[in-house]
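Me: I have a model open and want a quick walk through it. Can you take my questions as they come?

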Amino acid sequence: MKRFTLLAACVFVAVVLVALVWFVSKSDSPTPIDSAARAEHPSAAAPSSALTTNEVEPLALDCALAADASQSGDVASRSAAPDLLRTLVVRGRVRAPSMCEDPTLEVLACTRALDLDTVASWTSGDADARPDEKAILARAPVAADGTFEVALDEGTKRAFFAVSGRFLYLRKSAELDLSGGARTIEIDADVGAWVAGEISLPAESPVTAAEIDGTPVRIRTSVEEFMGGGDPSASVSRGAHLASGRFEFRAVPIGGKYRVIIEPEKLAAYAGMVTDLQACQPRMLPIPLVRGGTVRGVVRGSDKNPIEGAEVEASIAGKWFGFD
């Protein structure tokens, strides 16, 4: 009896296995509908062995989305890349009255007219004189022969061109009306001087060279210049800061008289006169700073009694109406 039961179980298992094999083989075989579809589209009959089905579907989806975007004129996808055909190129030349090499020279195309001090301050690298980015449309270097090219947006109707260099400058930006089709400009620049200085500290200085970095430095047209009949519109007033003990002022007009002023907190103030600048020439200023002293005094009124709370201010000799 036991042998008969075991034999029946084995036969049942064998039948089940045969049925499973037959079912699997039938599911892999193409159905009549599949055969007809593959006959109608032979390219779909044999998928590439390089990509699995899971890899093909996302790729096809991406291609379909890309095609839809291009056909529908998707603005966002088009604005991602610059449209070079919509660029307006202005070509020009910077001319100087003398042969002055200025390898740092560049042209700025701006939305408004800028004066010399503004341009010089913006391009000096001084952290406190950061340019108004909205005012600058574009900037480009000037080649050795004076030529330059500036690329602007096609919709630009007007631009003001300024130059920035170590020696060359414009008193006022040159205007170009682009709405009338103008695409070239000739710029006649003036030639100034490059004023640069380096400070030195006194023996037993109360501050180190690193501590004095960042101290403001100013250059101003001196009051003597105005009293001598100088042109007020040609005045200079710019700022810079000490960096590694040095400072510079670019494109300073020649023929004027200027004061360079440094007022450190823990050393005596410095005010030196700068005259006889030469066109396209540097003027180097070695400036030895000295230790300051202490001034003590008593403020008395008309009755000879001390005035409590009186405010006393010490200023540099010659300071007059903010000029010196």
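What follows is a short chat about this structure.

Me: Ground rules before we start?

Reply: This is a predicted model, where local features need pLDDT of at least 70, side-chain atom pairs count only at pLDDT 80 or more, and totals for chains, interfaces and linings use all residues. Residues are numbered from 1 along each chain as its sequence is written, and side-chain values use heavy atoms, with hydrogens and water left out.

Me: How many helices and strands in the protein chain?

Reply: The chain has 7 helices and 16 strands. Both are DSSP runs numbered from the N terminus: helices are H or I with at least four residues, strands are E with at least two.

Me: What share of the residues is buried?

Reply: Of the 324 residues, 29% are buried. Buried means under 20% relative accessible area, exposed means over 50%, and partly exposed is in between (1.4 Å probe, protein chains only).

Me: What about contacts between residues at least 6 apart in sequence?

Reply: Of those, 67% join residues at least 24 apart. A contact means heavy atoms within 4.5 Å.

Me: New topic. How many disulfides?

Reply: The count is 1 disulfide, taking a pair of cysteine sulfur atoms within 2.5 Å as the rule. Cysteine 100 is joined to cysteine 280, S to S 1.9 Å.

Me: Where do cysteine 100 and cysteine 280 sit?

Reply: Cysteine 100 is in the loop between β1 (87-95) and β2 (106-110). Cysteine 280 is in the loop between β15 (270-274) and β16 (282-288). They are 180 residues apart, so the pair links distant parts of the chain.

Me: Are cysteine 100 and cysteine 280 buried or exposed?

Reply: Cysteine 100 and cysteine 280 are both buried.

Me: Which hand does the disulfide have, and why?

Reply: The torsion about the S-S bond of cysteine 100 and cysteine 280 is about 85°, so the disulfide is right-handed.

Me: On to rings. How many aromatic pairs?

Reply: There are 2 aromatic pairs. Rings of Phe, Tyr and Trp (its six-membered ring) pair if their centres lie within 6.5 Å; planes under 30 degrees apart are stacked, over 60 edge-to-face, the rest tilted. One of the pairs is phenylalanine 148 with phenylalanine 161, tilted, at 6.5 Å centre to centre and 40° between the planes.

Me: Which parts does that pair tie together?

Reply: Phenylalanine 148 is in strand β4 (residues 147-153) and phenylalanine 161 in strand β5 (residues 158-164), so the pair ties together parts 13 residues apart in sequence. Phenylalanine 148 is buried at 4% relative accessibility. Phenylalanine 161 is buried at 0%.

Me: Where does the charged end of arginine 166 sit?

Reply: Over the ring of tryptophan 194, 4.1 Å from its centre. That label needs NZ of Lys or CZ of Arg within 6 Å of the ring centre and within 35 degrees of the ring normal.

Me: Last one. What does arginine 246 touch?

Reply: Arginine 246 touches Gly197, Glu198 and His241, not counting residues up to four places away in sequence.

Me: How exposed is arginine 246?

Reply: Arginine 246 is partly exposed, at 45% relative accessible area. Arginine 246 lies in strand β13 (residues 246-252).
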